[in-house]
Every structure is written in structure tokens, then in C-alpha cells.
Amino acid sequence: MSPLALKTCYLDVTLAVEIIQQGIRIGASLLYKINIMIIGTSGYDALIEYLVESFSLFEGGAVVSDGETLEDFVTDKVATMVMTICEQKTQLEAEQRFALLAEADKIVEELAEVLASRWQKPLCEKQREFLGEFIDLLKNLFDSEVGA
């Protein structure tokens, strides 16, 4: 199970109960029919470009702020983003929440891949600020998709 999925375990359990109660089976094909996908959109591509342009923040040694690793920060922040969206968008069906979680999990996996050389290392304050802003922009993309 991915770190994001572990950190949102209680959300997963709630969704599982809803899905079982409703007798819904979620298959991979259903996830792609639910319109909460941001990966591959022009907005997401622009964010990845922004990350690549700012990659110098993640090169070399960094002054440690509190010892929190890049992985911990990203997974916590993305998990909080998912929970916030689900709390704000009460009209979301269980399937849509599950699709949102799956999409967020894919994004964390992509970030782990792109930032692999620093993923398990402590982050500095500038990295924390950048990633906080980056994930806030991701939330804006999700909000746009969910609101559409």
C-alpha cells in the first residue's frame, strides 16, 4: 500500500463501507469514466514544467529545517488535500472519491519518480515552501475538475 493510501486509511475505510453498502464494484474502467482526472491535462503539464524549471531547489545538500523527509511532507500534504476536497465537495459519490484518491496516489508516485534522488532525504524550508505551493496548485486543478 502506498504512503498516501496509508495516511488516508480512515478515508479508505469510509469509502469501502459506502461501496459495499451500495453494492458497487469499482473496476479500472469505471475509474476512467469518472471525470476527476488531471494527469495529462494542460494544467498538470504546466505544473510539471514548473517543477522541472525549479529542480535546482532539489539538487545538492540542503539545510535541514526539522528533519522531515520530502516523501513525508509530500504524502502528508497530498493526503490533506484529498481529505479537504472530499470535505468541501460533499456531493461527490463514493466512486468519485475513490477516483480522486487513485489520481492523487498516481501524482505522488510521479513526484517520487521525478524527485527520486531527494525523496528519502530531509527537505529545507525553500523546498517546503515550493512543494506547499505546488500542491496547492494541484488542489486548484482538482477543484476545477470536481466543480466542472
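Tutor: Let's start with a rule: a salt bridge is a side-chain nitrogen of Lys or Arg within 4 Å of a carboxyl oxygen of Asp or Glu. The model is predicted, so local features need pLDDT of at least 70 and side-chain atom pairs count only at pLDDT 80 or more, while totals for chains, interfaces and linings use all residues. Residues are numbered from 1 along each chain as its sequence is written, and side-chain values use heavy atoms, leaving out hydrogens and water.

Student: What makes Lys-77 and Asp-136 a salt bridge?

Tutor: Their closest N and O atoms are 3.6 Å apart, and the rule asks for a distance within 4 Å, so the pair qualifies. The two residues come from distant parts of the chain, 59 residues apart: Lys-77 sits in helix H5 (residues 70-88) and Asp-136 in helix H7 (residues 125-147). The rule gives 4 salt bridges as its count.

Student: What makes a stretch of chain a helix here?

Tutor: Helices are DSSP runs (H or I, at least four residues) and strands are DSSP runs too (E, at least two), numbered from the N terminus. By that rule the chain has 7 helices and 0 strands, in the order α-α-α-α-α-α-α along the sequence.

Student: Why is Lys-77 called partly exposed?

Tutor: Its relative accessible area is 28%. Buried means under 20%, exposed means over 50%, and partly exposed is what lies in between (1.4 Å probe, protein chains only), so 28% belongs in the middle class. Asp-136, at 41%, is partly exposed as well.

Student: How do you know that Lys-139 and Asp-143 form a salt bridge?

Tutor: The closest N and O atoms of this pair are 2.7 Å apart, so they meet the cut-off. Lys-139 has 16% relative accessibility and Asp-143 has 19%, so each counts as buried under the 20% limit.

Student: What links Glu-68, Glu-125 and Arg-128?

Tutor: A network of salt bridges joins them. One of the bridges is Glu-125 with Arg-128, at 3.6 Å between the closest N and O atoms. These two are 3 residues apart in helix H7, so about one helical turn separates them. Glu-125 is partly exposed at 39%, whereas Arg-128 is buried at 16%.

Student: How do you know that Cys-124 is buried?

Tutor: Its relative accessibility is 11%, so the 20% limit places it in the buried class. Cys-124 is in the loop between helix H6 (94-114) and H7. Cys-86, at 8%, is buried too. A disulfide is a pair of cysteine sulfur atoms within 2.5 Å, and a search of the whole structure finds 0 of them.

Student: What makes a group of residues a nonpolar core?

Tutor: The members must be buried Ala, Val, Leu, Ile, Met, Phe, Trp, Tyr or Cys residues, joined through side-chain atoms within 4.5 Å. The largest such core has 32 residues, and those with the most contacts inside it are Val-74, Met-81, Trp-119, Leu-131, Phe-134 and Leu-138. Helix H4 (42-53), H5, H6 and H7 are the elements that give it two or more residues.

Student: Which residues is Phe-134 in contact with, leaving aside its neighbours within four places in sequence?

Tutor: They are Leu-47, Ile-48, Tyr-50, Leu-51 and Leu-111, where contact means heavy atoms within 4.5 Å.

Student: Why is the aromatic pair of Phe-55 and Phe-58 called tilted?

Tutor: Rings of Phe, Tyr and Trp (its six-membered ring) pair if their centres lie within 6.5 Å; planes under 30 degrees apart are stacked, over 60 edge-to-face, and the rest tilted. Here the centres are 6.4 Å apart and the planes make 45 degrees, so the rings pair and the pair is tilted. Phe-55 is partly exposed at 23%, while Phe-58 is buried at 1%. The search of the whole structure finds 4 aromatic pairs, and ring pairs link Tyr-50, Phe-55, Phe-58, Phe-130 and Phe-134 into a cluster.
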